[in-house]
Amino acid sequence: MNWLEAMVLGIIQGLTEFLPVSSTGHLYLGRHLFGLDSAGLFLDTILHLGTLAAVITVYGDEIAAICRKPLGKTGRLLIVGTIPAVVAGITWEDMLETISQTGVTIGWEFLITGAVLYGADRMKADGHKGVDDLTYTDALWIGLAQSAAILPAVSRSGMTIAAALWRNMRTSAAATYSFLLSIPAIGGGVLLQGAKLLDGRAEHIPLSSLLIGTAMAGICGYVAVRWMVRILSRGSLKGFAWYVWVLGSLILIIQWSGLF
């Protein structure tokens, strides 16, 4: 992977991680375009470092408050919300690696993401809960939605924001909880792939390319977080739903034609 390919993939990762369109699904398409299918889950995870830095930058005050009281209400809600994704990730790791490299189901997954977003958009005006108003049952349901996003083209941010809206959260609070919930999910994935790198099981990619890609992911991720918060407060999710529906349909048509 050269530096230009790394830059493009970093931009894709940064823009699509926090917009509800699935960063992993888009990264698969980018890797396939560049002939980097073998890079797989390792490359995707390392690029997530950039978006992890972005969300920490945007939500620094909230994270600092959680660190001061890690077992306070918000901290406990994040722990509960993280458990389903941890269980799913450990249980289905090998299957996920295969799907990440082959992309055999991503067309259908984009269609599912679109359906969830379209349905959630109708709930936006009804929410009244803030983050600290969530119950542990709410957090568990949102966590279960996040666990579905272990599939490459099911959007993590889309699923968690949709679930939060369905649990009657305000749009701003839904975004905050969703993006805070991304921190342990992304951090855990990076630690797992880092362990593979140390024992020699990860794919070999030039360090310079990883650094460039990660930096671009961080910059674009920061922009995407800010943009998504504004969209949730004033706009509609239906545009994203139509986008992933069209993309998923095109992928299925190409796959069925034998060209992909």
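Author: A residue is buried when its relative accessible area is under 20%, exposed when over 50%, and partly exposed in between (1.4 Å probe, protein chains only). The model is predicted, so local features need pLDDT of at least 70 and side-chain atom pairs pLDDT 80 or more, while totals for chains, interfaces and linings use all residues. Residues are numbered from 1 along each chain as its sequence is written, and side-chain values use heavy atoms, without hydrogens and water.

Reader: What percentage of the chain counts as buried?

Author: The chain has 260 residues. The share of them that counts as buried is 53%.

Reader: How many helices and strands does the chain have?

Author: Helices (H or I, at least four residues) and strands (E, at least two) are DSSP runs, numbered from the N terminus. Along the sequence the pattern is α-α-α-α-α-α-α-α-α-α-α-α. The count is 12 helices and zero strands.

Reader: Are α7 and α12 roughly parallel or roughly antiparallel?

Author: The axes (lines fitted to C-alpha atoms over the stretch in contact, with angles from 0 to 180 degrees between N-to-C directions) of α7, residues 106-121, and α12, residues 238-257, come within 7 Å and cross at roughly 160°. Angles under 35 degrees count as roughly parallel, over 145 as roughly antiparallel, 65 to 115 as roughly perpendicular and the rest as oblique. The two helices are therefore roughly antiparallel.

Reader: How many nonpolar, polar and charged residues make the contact of α7 with α12?

Author: Contact means heavy atoms within 4.5 Å; the residues include Trp108 and Asp121 of α7 and Lys238 and Trp256 of α12. Ala, Val, Leu, Ile, Met, Phe, Trp, Tyr, Cys and Pro count as nonpolar, Asp, Glu, Lys and Arg as charged, and the others, Gly among them, as polar. The contact has 16 nonpolar, five polar and two charged residues.
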